[in-house]
Amino acid sequence: MSDTAEPRPKAYWSRIVDAIARHRALAVLVVLLIFPFVLPYEALASNIVIFGLFALGFNLVFGYTGVLSFGHAAFFGVGAYGTGIAIVHLGLPWWVAMLIGVLAAGVTAMIMGALAIRTRGIYFAMVTLALAQCVYYIVYQMKGWSGGENGLNGVIVGQIDLGFASIDLLDPMQKYFFTLTFVALAIFIFSRILASGFGAVLEAVRENEDRARACGYDVRLTKWLAFVISGLFCGLAGALNAIHLSVVPIEILHYHMSGQVVMMALLGGMGTFFGPFAGAIVFLLLEDVVTTMTTHWQLILGLVFMACVLFFPRGVWGSVLQWVRR
Amino acid sequence: MTVNLVLLQLFTGLALGSVFVLLGVGLSLIFGLLTVVNFAHGAFYMVGAYVGVFALAHLGNFWLAMAAVPIIVGGMGLVVERFLVRPLYGRGIDYPLLLTFGLGLVLVELVRIIYGLEGVPFDVPEVLQGAVDLGIGWFPLYRLFLIVVTAVLVFALWLFLEKTSYGLVIRAGASDPEIMRVLGVDISTVWLVVFGIGTGIAGLAGVLSAPMTSVIPDMGTTVLVQAFVVTVVGGMGSLLGAVVAGLLVGVVVSMTALFYPELSDLAMFMLMAAVLLVRPQGLFGRKGLMG
Amino acid sequence: MTKERHFKKGVQTRRQILKTGLAGSAAVLAAPWIGRPAFAQGESIKIGFPVPLTGPYGSEAQEQARCAQIAIDKFNEAGGLDGRMAELLVRDDKLKSGEAATRTLELIEKDGVDFVCGSLSASVQLAVNTVCAERGKIYNSISQSDAINEAENFSKYTFHEAMNPHMTAGAVGDYVFKNSGKRVAFLIADYAYGHEMARGFKVAGEKYGIEVVAEVKHPLASKDFSTFLPQIQAARPDVLCLCNFGFDQLNSLKQARSFGMKEQMMMVAPALLYNQRRAGGASVYSGVVGATNYYWKLEDEIATAKAFNDVYRAGNDGAPPSDYGAYGYAGVGVLLNAVTAAGSTDTDGVIEQLEAMKYDLYKGEEHYRTCDHQAVQSVFIIESKDEADMENEYDVFRILEKDGASEDMLRSCESLGL
């Protein structure tokens with residue numbers, strides 16, 4: 001058996017990975033389409049695509065701009081609360097409610113971004129954390145609208161009539177594909193943004209801020225825009241989460257949620273397009289499987305994190321890429 | 001609302017702040033020298049309380065237990081630095097952050113396995129029980145003791161850093177690790193020692209807090225964030241900053257609790273946001289660090 | 001070369017699997033993810049039980065699960081429903097509403113549970129309730145809340161086996177304000193449950209003309225209460241009502257004691273929990289007056305309590321069950337009683353039975369009020385004992401008064417919007 005008779009498996013895999021990298025949006029979609037059929041239950045699949053989108057949106061700031069935000073729970077949460085409040089208290093149709101949620105998250109990101117962009121490095125992480133905590137307490141105190149600690153309950157959409165077809169959100173499979181439609185659209189837009197001129201500027205800023213500035217780019221504006229766009233994507237994830245769970249829990253705004261999305265991105269590999277999504281998949285699957293086996297799931301989770309850092313510093317997807325291309 | 005009450009509340013804030021000082025000092029030292037954001041700091045605090053429970057049960061004496069805790073927890077810190085954190089130097093702040101986050105989860109869960117979930121009782125030692133009349137109102141004797149311990153410890157730390165030759169090495173290492181290497185000083189030993197001191201103080205804070213709050217595996221979670229706030233407000237790597245910020249945060253929280261109690265949790269974050277927006281490197285931080 | 005061989009082998013195995021047919025391959029694909037015992041559909045009666053197995057109230061939740069299993073075993077030993085056995089599916093909700101909602105979706109959609117029972121927090125039970133009501137599953141909540149009775153959250157599928165804060169604070173308030181001072185201070189955890197307890201006290205206090213001298217709200221899960229206590233102390237109340245729960249209650253008591261407040265005023269805690277008292281120690285709690293749904297000493301007068309305690313003791317080294325554990329036993333037990341009475345697991349049939357039946361599982365007779373499905377039950381006023389008065393380590397409370405089951409303790413159906 002000679003090497004020419006059959007392509008070497010390494011090269012084989014490498015070609016597949018290259019193909020995936022070229023059509024990254026399409027590749028993700030193929031995986032996501034078979035998702036609910038291989039996972040133990042559809043609600044987990046919905047959770048994963050929602051958190052995948054959340055992590056993807058977060059990574060625009062973290063992976064592509066190179067600043068660590070510890071306040072992204074604010075956008076995820078405001079997106080969810082905006083949507084939930086519009087449905088529960090204002091009685092608006094679901095799509096208007098989602099739009100409100102996304103826009104509310106965008107506005108939150110505009111304000112937080114404008115304040116936080118002034119700081120750098122670890123201080124940026126801490127300012128975003130502090131501002132997100134402020135959002136948490138404001139929402140917590142708006143008990144009439146948000147339900148306070150009890151959370152916002154009864155975000156019920158039920159049936160969606162599209163004219164030509166009707167979607168029953170009580171059916172878990174239909175709900176998954178409803179969610180996936182939005183996530184897919186978002187991934188497509190995200191991919192287009194990265195491929196655009198703006199994406200190139202982002203990369204320039206990440207690689208060398210001073211040089212980018214010297215080339216005439218407005219670094220601050222670029223960072224701010226990235227922050228706002230990131231907020232919009234996370235807001236959409238939040239809006240979908242509200243409809244998926246029919247409740248908006250207050251912990252959605254807690255800094256633990258911000259921490260969780262950082263971990264997902266790091267676990268998956270922050271510098272890559274798929275990384276955050278892969279991180280969300282691994283994180284949630286691991287948590288789901290381990291939780292039902294032992295009450296000591298935190299021990300397993302913690303050990304996996306430590307092992308990842310020590311042995312797979314590029315994250316799950318980053319390590320796959322490295323192995324294949326070696 | 002009398003003047004006495006406001007004064008007493010101020011004093012309460014200082015006592016509360018002294019716990020923040022202990023937490024902030026360790027975290028700030030570790031960050032300032034190693035540029036490691038230690039997410040396991042809260043877990044070491046919790047471990048300190050449990051080691052205190054263990055030591056008290058075996059030594060039967062609060063004072064001996066209190067002395068044993070920083071040594072044991074600091075020793076654990078040494079092991080963690082040597083075998084887990086050291087391989088990650090030079091890879092940016094993200095990796096030690098993730099590692100210590102994972103370590104925090106593991107430590108909490110190990111304590112859960114050993115001591116159970118419901119928490120263990122830990123009483124104030126007999127001689128420190130009760131309250132004393134300060135003239136403005138009653139104040140717990142134990143909290144007075146806490147202020148004294150914190151003051152002594154901070155002073156000792158200051159002496160160590162400013163007046164001993166090893167302290168000089170540490171300070172030099174903080175400002176320029178490269179020079180140290182050129183001069184032939186083993187910087188990795190300095191980092192090891194600093195990590196040990198930082199975690200040891202966190203452990204001490206834990207055992208000192210144990211008689212006031214409940215000793216439960218989750219006790220470190222909120223504390224971690226408070227420690228971050230103190231460190232960031234004071235400026236990463238500044239001992240003076242951690243002391244001032246710790247007391248300031250304590251007083252701000254305390255005053256909010258008097259006038260608008262339900263927002264007392266938010267107060268420290270508003271303070272932090274305000275400080276960072278006006279002075280992004282913190283009150284006593286150096287410009288350019290991690291920047 | 002070796003890698004190549006592995007690769008080819010992998011392809012072969014996959015082909016073989018494909019040959020075994022569509023159903024087989026689906027099973028193989030799904031199998032590694034499931035990792036839980038699979039049970040044949042339609043065979044057993046499944047009750048989903050989401051409780052916070054991990055987190056600060058993990059040991060309480062694990063006790064709830066143990067007690068619920070006793071109810072399951074009792075049902076199965078009696079032959080089940082014409083041979084159909086019951087099965088308890090315990091899930092960890094981590095004390096988070098979002099996680100609880102996901103777990104409830106899993107229980108309903110994947111495991112196909114017939115009923116849901118559980119939760120140990122006001123917010124979590126409301127989330128579980130929303131998910132269950134939307135899908136027409138009966139949910140029996142075993143944690144305190146007033147909101148779950150209200151029209152906004154109530155559905156015909158909602159049952160509430162636990163007491164609510166209006167009942168407990170009302171009963172304790174009635175006892176304390178009648179017998180002790182009228183100058184009352186409140187320390188309130190700033191969330192719905194805390195405010196509900198405070199409201200219950202105030203309603204009870206109206207009758208006795210209490211004067212509220214201080215009202216301090218603290219953020220939920222505060223570790224340090226020193227900043228809230230001086231203002232209460234300065235107001236010189238006769239009674240301090242601790243409208244908080246669990247570790248908030250323990251920490252505030254512990255710290256109030258260090259301020260010397262225990263000698264100056266009477267401490268009252270509506271949710272005085274057995275396990276919390278045991279974790280906190282006698283010295284912290286001694287003299288504190290509160291309410292409970294159950295204390296194991298009730299076995300001296302109530303036969304069902306004795307029977308429940310005996311089974312629990314047999315499986316737990318002689319230790320008696322806790323109050324919240326007993327909720328788990330009753331919550332699942334009453335569902336199974338209703339299944340037996342209805343002769344099926346049909347939702348509407350079981351609801352009809354639950355609404356109609358009077359049951360005595362562990363604490364004397366109870367029934368569900370028709371309008372809000374709140375369990376009408378007796379409330380016990382208790383006082384925490386001094387170390388010296390304790391006969392053994394489990395002997396922590398003294399029963400001061402027993403308020404028999406009566407709908408008068410509840411808010412009226414109209415005021416709930418029902």
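Visitor: Before we start, what puts two residues in contact?
Guide: Two residues are in contact if their C-beta atoms, placed from the backbone, lie within 7 Å. Keep in mind that this is a predicted model.

Visitor: Good. How many residues of chain A and of chain B are in contact?
Guide: Chain A brings 29 residues, and they are in contact with 35 residues of chain B.

Visitor: Now chain C. How many residues does its contact with chain A take?
Guide: Chain C gives 35 residues and chain A gives 28 residues. On the chain C side, α1 (2–19), α2 (22–34), α4 (97–110) and α5 (122–134) each supply at least two residues.

Visitor: Which of them has the largest share?
Guide: That is α4(C), with eight residues. By class, the side of chain C that touches chain A has 16 nonpolar, nine polar and ten charged residues.

Visitor: Let's switch to chain B by itself. How many helices and strands are there?
Guide: Chain B has eleven helices and two strands. Reading from the N terminus, the order is α-α-α-α-β-β-α-α-α-α-α-α-α.

Visitor: What does its radius of gyration say?
Guide: A compact globule of 291 residues would have a radius of gyration near 19 Å, and chain B has 19 Å, so the two agree. The C-alpha trace of chain B spans about 60 × 50 × 35 Å along its principal axes.

Visitor: What share of chain B is buried?
Guide: Of the 291 residues in chain B, 58% are buried. As for contacts between residues at least 6 apart in sequence, 76% join residues at least 24 apart.

Visitor: Back to chain A. At what angle do α13 and α15 pack?
Guide: In chain A, α13 (residues 275–293) and α15 (residues 315–325) pack at about 120°, with their axes 7 Å apart. That angle is why α13(A) counts as oblique to α15(A).

Visitor: Which residues make the contact?
Guide: From α13(A), they are G275(A), A278(A), G279(A) and V282(A). From α15(A), they are G315(A), V316(A), W317(A) and G318(A). By class, this contact of α13(A) with α15(A) has four nonpolar, four polar and no charged residues.

Notes:
Residues numbered from 1 in each chain as written. Chains lettered and ligands numbered in written order. Predicted model: local features only at pLDDT ≥ 70, side-chain atom pairs only at ≥ 80, totals over all residues. Helix = DSSP H or I, 4+ residues; strand = E, 2+ residues; numbered from the N terminus. Rg over C-alpha atoms; globule rule 2.2 N^0.38 Å. Buried ≥ 20, exposed ≤ 12 C-beta atoms within 10 Å, placed from the backbone. Nonpolar A, V, L, I, M, F, W, Y, C, P; charged D, E, K, R; others polar. Axes fitted to C-alpha atoms, helices over the stretch in contact; angles between N-to-C directions. Parallel < 35°, antiparallel > 145°, perpendicular 65-115°, else oblique.
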